[in-house]
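Here's a quick walk through one model, with an eye on charged pairs and helix packing. Have a look at the sequence and fold first.

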Amino acid sequence: MTLKDKYGDSSIIIALNKALDLKLYGAGYIQNILYQEMTPKTCHPPVKLKSDTLNEIRLCSPNLAEYDALVLKKRKKT
């Protein structure tokens, strides 16, 4: 009942359903789920450097096929 007073009906229902899906039983599990769901996610802004030219640098995404080819080449040698 304390959790219901603190988090409200809808949050309790969501937490109970999540706990049942995970086969977790007990008030401690429900409280933990509620705490995790209610804790705000921190979204940190990107780091800003003093030099504007350094802030403008954009790296391209690596081509993972090149890494795969390298691994396959090494496997063939062994």
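Lys4 pairs up with Asp9 in a salt bridge, with 3.7 Å between the closest N and O atoms. (Salt bridge here: a side-chain nitrogen of Lys or Arg within 4 Å of a carboxyl oxygen of Asp or Glu.) This is a predicted model, where local features need pLDDT of at least 70 and side-chain atom pairs count only at pLDDT 80 or more, while totals for chains, interfaces and linings use all residues. Residues are numbered from 1 along each chain as its sequence is written, and side-chain values use heavy atoms, leaving out hydrogens and water.

The structure has two salt bridges, and here they are:

| Salt bridge | Closest N and O atoms |
|---|---|
| Lys4 with Asp9 | 3.7 Å |
| Glu37 with Lys18 | 2.6 Å |

Glu37 sits in helix 3 and Lys18 in helix 2, so that pair ties together parts 19 residues apart in sequence. (Helices are DSSP runs of H or I, at least four residues, numbered from the N terminus.)

Now for helix 3 itself. Ile30, Ile33 and Leu34 are buried there; buried means under 20% relative accessible area, exposed over 50%, and partly exposed in between, using a 1.4 Å probe and protein chains only. They cover an arc of only 100° around the axis, so they end up on the same side of helix 3. That arc is taken from the directions from the helix axis to the C-beta atoms. The buried residues of helix 3 pack against helix 1 (2-7) and helix 2, with contact meaning heavy atoms within 4.5 Å. Gly28 and Tyr35 are exposed on the face turned away from the buried side of helix 3.

Terms used
Helices (H or I, at least four residues) and strands (E, at least two) are DSSP runs, numbered from the N terminus.
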